[in-house]
Amino acid sequence: MGKQHHIAGQVPIKGHEGPEMDRRGALECMIWAGTGMLWTLAGGLPVSATLGEARAATIAASPFTFLQISDSHVGFDKPANPDALGTLKEAIGKINALPQKPSFMIHTGDITHLSKDGQFDDADQIIKSVGVPVFYVPGEHDMIDDGQGKAYLDRYGKGTKGAGWYSFDQSGVHFIGLVNVVNLKAGGLGQLGPEQLAWLADDLKAVSRSTPVVVFAHIPLWAVYPEWGWGTSDGAAALAMLKDYGSVTILNGHIHQTMQKVEGNAAFYTARSTAFPQPEPGKAASPGPMKVPAEQLRSFLGIRSVDFVAVDKPLAIVDRTLA
């Protein structure tokens, strides 16, 4: 991996639509909904690009790329997007059009809308066409079948622990998939639970403090907007276990819009949905599918590139719409 560079709380940051903070601060900025995020790790420097943007030179030069998609909601057919399956196909089509495939893909939950077998089947048929390994964690919509997540675990739970948590290593990076959607109450905060937290502590014992760590889960591990359940009640306990690691990146979905927060050693990113946008926190009576004029829908499916550079340089964040 070469020399590691800290990616959290170490640099002045300029966001395209967000604030500039000094290295003592934390960045919080929101960009609207889109279709996915491509992450590249080269020489210890993560670079992300959204699906609609051609990053041929960056991708081709990188020894290690992976892709994140989230909140496909296959089976959703309401006015906010009557063809969520179609927009998932569009997202996967953009992945397949990349000049170089990622090493693997992660899906940060809500693969389906109602945990039905047919919805999982439809999602599988589309997602597997990308032709790379896919690592999943469930969203709450994937765990609402009569078997309390049996449909999800039967498909994606092989080799996992508990309700589907696990870890793996790739090119010197330690990946941890967490589950914070079990027994989730409507509008309630996510939770990891003592069993999973004990497993996480044990998992990290074998991971060197100099190893970059990427954590992915459905609901944000930080308090984005607790009034809407956009946070994890015991997320701080998990983050405390990661405080001594030099490079920690945390990827989430659930809120259908991009927010990022850099604090201490950790950089937090929420992902766009491939299905529909949700309102900004506090800008509506409640969260949920947000209808926009049909001709404007893809203007809400934005694209973003983020370049992480050496610790004495700013991050370059550029956002464009698919329209």
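This is a predicted model: local features need pLDDT of at least 70, side-chain atom pairs count only at pLDDT 80 or more; totals for chains, interfaces and linings use all residues.

Analyst: Residues are numbered from 1 along each chain as its sequence is written, and side-chain values use heavy atoms, with hydrogens and water left out.

User: Are the side chains of Phe104, Met105, Ile106 and His107 in strand β6 buried or exposed?

Analyst: Strands are DSSP runs (E, at least two residues; helices are H or I, at least four), numbered from the N terminus. Buried means under 20% relative accessible area, exposed over 50%, and partly exposed in between (1.4 Å probe, protein chains only). Phe104 and Ile106 lie on one side of β6, Met105 and His107 on the other, and all are buried.

User: Which residue of β7 stands opposite histidine 107?

Analyst: Two strands pair if DSSP finds at least two bridges between them. Strand β7 (residues 134-136) runs parallel to β6, with three bridges joining them. The residue opposite histidine 107 is tyrosine 136.

User: How far apart are the closest N and O atoms of aspartate 121 and arginine 155?

Analyst: A salt bridge is a side-chain nitrogen of Lys or Arg within 4 Å of a carboxyl oxygen of Asp or Glu. Aspartate 121 and arginine 155 form such a pair, with their closest N and O atoms separated by 2.6 Å.

User: Why does lysine 283 count as exposed?

Analyst: Lysine 283 forms a salt bridge with glutamate 280. Lysine 283 counts as exposed because its relative accessibility is 62%.
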